[in-house]
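Me: I would like to learn how to read aromatic rings and their surroundings in a protein model. Could you take me through the features slowly, with the general idea before each case?

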Amino acid sequence: QWTLGLYQRDADRRDRFVFELFDIDNVDVTEVRSQAAFAEVTYALPALPFDLTGGLRYVREQVGGFEMDRGLAYPDQDAVYTSFNPRAIVAWRANEAWRVYLSAAKGYRSGQLQPMVSSALAGPLGIELPRALHDDSIWSYELGAKAWLRGGQLELEGALYHSDWRNVAVRIPLGGTGFNGLINSPGTTTNGVEARVLWRLGPAWTVHLNASYADAQYAGSVPGTGITKG
């Protein structure tokens with residue numbers, strides 16, 4: 001089994017922010033142009049009860065635009081983000097009813113531009129803000145099983161997972177102004193377990209039971225934000 005694809009996204013956003021106390025009348029126009037190419041192949045081994053899946057997605061995203069404050073235009077800003085995002089799955093067909101799988105995959109989100117309002121307020125306060133934030137990414141690992149029992153009347157699913165999310169964007173307060181800036185953080189680490197039961201009582205009734213537990217922690221402290229490791 002195989003899948004090939006191309007993806008295109010064009011997004012335009014216009015914001016106006018007025019705050020008379022600080023003499024702010026800001027217009028922010030952001031343009032995002034994103035392209036991606038992806039492919040995935042699943043191969044069922046002919047002599048063994050295993051399915052092997054491998055996939056890859058390439059993303060390129062360009063973020064640009066301009067801002068004006070009370071008619072004064074700021075220089076155009078531009079940032080380009082690219083990423084290769086792989087995925088791999090090994091699935092074991094234990095028998096007709098049970099499947100066990102192990103997967104690893106990378107997720108990705110492009111960065112963003114710092115609003116000029118935040119930059120203008122941060123300067124006099126001695127707070128350094130990046131003009132463009134780094135992209136963030138997450139690696140997720142999962143071990144799970146699925147079962148179809150009693151002729152399909154009963155379905156069971158369960159999984160253990162671990163994820164490392166890096167460069168997560170967070171807000172940093174700008175003194176007592178009531179405004180925030182944006183900075184990248186070390187990210188988060190999450191461990192969890194999920195389970196699901198589906199029981200078909202008959203043609204008119206189905207019972208679902210879902211449960212999950214997650215333990216998420218900050219991977220590091222972020223000065224000036226109140227975020228601490230743990």
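Reply: Let us begin with a group of rings: F17, F19 and F179 form one aromatic cluster, where rings of Phe, Tyr and Trp (its six-membered ring) pair if their centres lie within 6.5 Å, with planes under 30 degrees apart counted as stacked, over 60 as edge-to-face and the rest as tilted. This is a predicted model, in which local features need pLDDT of at least 70 and side-chain atom pairs count only at pLDDT 80 or more, while totals for chains, interfaces and linings use all residues. Residues are numbered from 1 along each chain as its sequence is written, and side-chain values use heavy atoms, with hydrogens and water left out.

Me: How many aromatic pairs does a search of the whole structure find, and what is the geometry of F17 and F179?

Reply: The search finds 5 aromatic pairs. One of them joins F17 and F179 edge-to-face, at 5.5 Å centre to centre and with 80° between the planes. Strands are DSSP runs (E, at least two residues), numbered from the N terminus; because F17 lies in strand β1 (residues 2-19) and F179 in the loop between β9 (169-173) and β10 (180-184), the pair ties together parts that are 162 residues apart in sequence.

Me: Which of the words buried or partly exposed belongs to F17, and which to F179?

Reply: Buried means under 20% relative accessible area, exposed over 50%, and partly exposed in between (1.4 Å probe, protein chains only). F17 is partly exposed at 35%, whereas F179 counts as buried at 14%.

Me: What does the pair of W139 and Y141 look like?

Reply: W139 and Y141 are stacked, with 6.1 Å centre to centre and 10° between the planes. W139 is partly exposed at 31% relative accessible area, and Y141 is partly exposed too, at 37%.

Me: Where does the charged end of R57 sit?

Reply: A charge sits over a ring if NZ of Lys or CZ of Arg is within 6 Å of the ring centre and within 35 degrees of the ring normal. Here the charged end of R57 sits over the ring of Y7, 5.4 Å from its centre.

Me: In what sense do β9 and β10 pair?

Reply: Two strands pair if DSSP finds at least two bridges between them, and β9 and β10 do so in the antiparallel sense over 5 bridges. P173 stands opposite N180 in β10, and 4 of the 5 residues of β10 are buried.
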